[in-house]
Amino acid sequence: MGGLLLAASLRLLFWFLAACLVHELGHWAAIRALGGRVADFRLTGVGAVIFPARSRFFSYREECLVALAGPAASLLLALAAGCWGRWLGSEDAYLLTGLSLVLGLFNLLPAEPLDGGRAVRAAFSLAAGPDWGDRLEGILTRILGGLLLGAGLWVLSKTGNFLLALCGGWLLCRGLGEGKQNAAG
């Protein structure tokens with residue numbers, strides 16, 4: 001039984017890493033298309049971070065495109081893997097579909113440091129100035145973190161699954177930390 005669980009976990013890990021790779025390649029492709037290059041790539045406890053090297057800063061529109069390119073790549077992969085699964089009936093294809101879909105949609109949430117939060121900040125910075133973009137991103141991060149934490153605690157009480165509560169708590173802490181920085185700055 002333990003061998004089956006380990007094999008299932010390794011299979012899940014493999015397809016999750018494949019979904020993450022495609023997601024990050026989406027960001028990389030957008031950076032390259034805009035004339036930049038990647039200076040540094042770091043894996044953190046909550047995901048990957050790409051640091052572009054560029055001779056100039058990206059405009060807010062370009063920053064928004066780079067942020068949304070990762071979730072777009074994830075959603076395209078989910079569509080392709082879904083077609084693969086439908087045509088060949090592969091369980092791995094459906095696993096990749098679900099993982100890519102969840103990764104893409106989660107990263108579209110309008111909270112810092114997720115891609116959706118970066119896109120919202122860039123869009124509002126373009127429309128109303130950088131202070132408004134930063135403020136809105138911080139407010140949305142705190143609201144969304146609190147809502148996910150509350151929903152996660154409910155799910156935890158019903159099922160014992162703590163993942164949503166962990167994500168909500170992480171976002172809420174990020175938002176509260178940003179609020180302190182913004183207040184001090």
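## An exposed ring to start from

Phe14 is exposed, with 51% relative accessible area; exposed means over 50%, buried under 20% and partly exposed in between, using a 1.4 Å probe and protein chains only. This is a predicted model in which local features need pLDDT of at least 70 and side-chain atom pairs count only at pLDDT 80 or more, while totals for chains, interfaces and linings use all residues. Residues are numbered from 1 along each chain as its sequence is written, and side-chain values use heavy atoms, leaving out hydrogens and water.

Which kind of pair do Phe14 and Trp15 form? Their ring centres lie 4.8 Å apart with the planes at 75°, so the pair is edge-to-face. Rings of Phe, Tyr and Trp (its six-membered ring) pair if their centres lie within 6.5 Å; planes under 30 degrees apart are stacked, over 60 edge-to-face and the rest tilted. Trp15 is buried, at 14% relative accessible area.

## The overall layout

Let us step back to the whole chain. The protein has 6 helices and 2 strands, in the order α-β-β-α-α-α-α-α from the N terminus. Helices (H or I, at least four residues) and strands (E, at least two) are DSSP runs, numbered from the N terminus.

Of the 185 residues, 32% are buried. Where residues at least 6 apart in sequence are in contact (heavy atoms within 4.5 Å), 55% of those contacts join residues at least 24 apart.

## Helix 4 meets helix 5

The axes of helix 4 (residues 115-128) and helix 5 (residues 130-159) come within 7 Å and cross at roughly 145°. Axes are lines fitted to C-alpha atoms, for helices over the stretch in contact, with angles from 0 to 180 degrees between N-to-C directions. Residues making this contact include Phe124 and Ala128 of helix 4, and Trp132 and Leu136 of helix 5.

## A stop at Leu68

Leu68 is part of helix 2 (residues 60-88) and is partly exposed, at 34% relative accessibility. Leaving aside residues up to four places away in sequence, Leu68 touches Leu108 and Ala119. The C-alpha atoms of Leu68 and Ala30 are 9.1 Å apart, though 38 residues separate the two along the chain.
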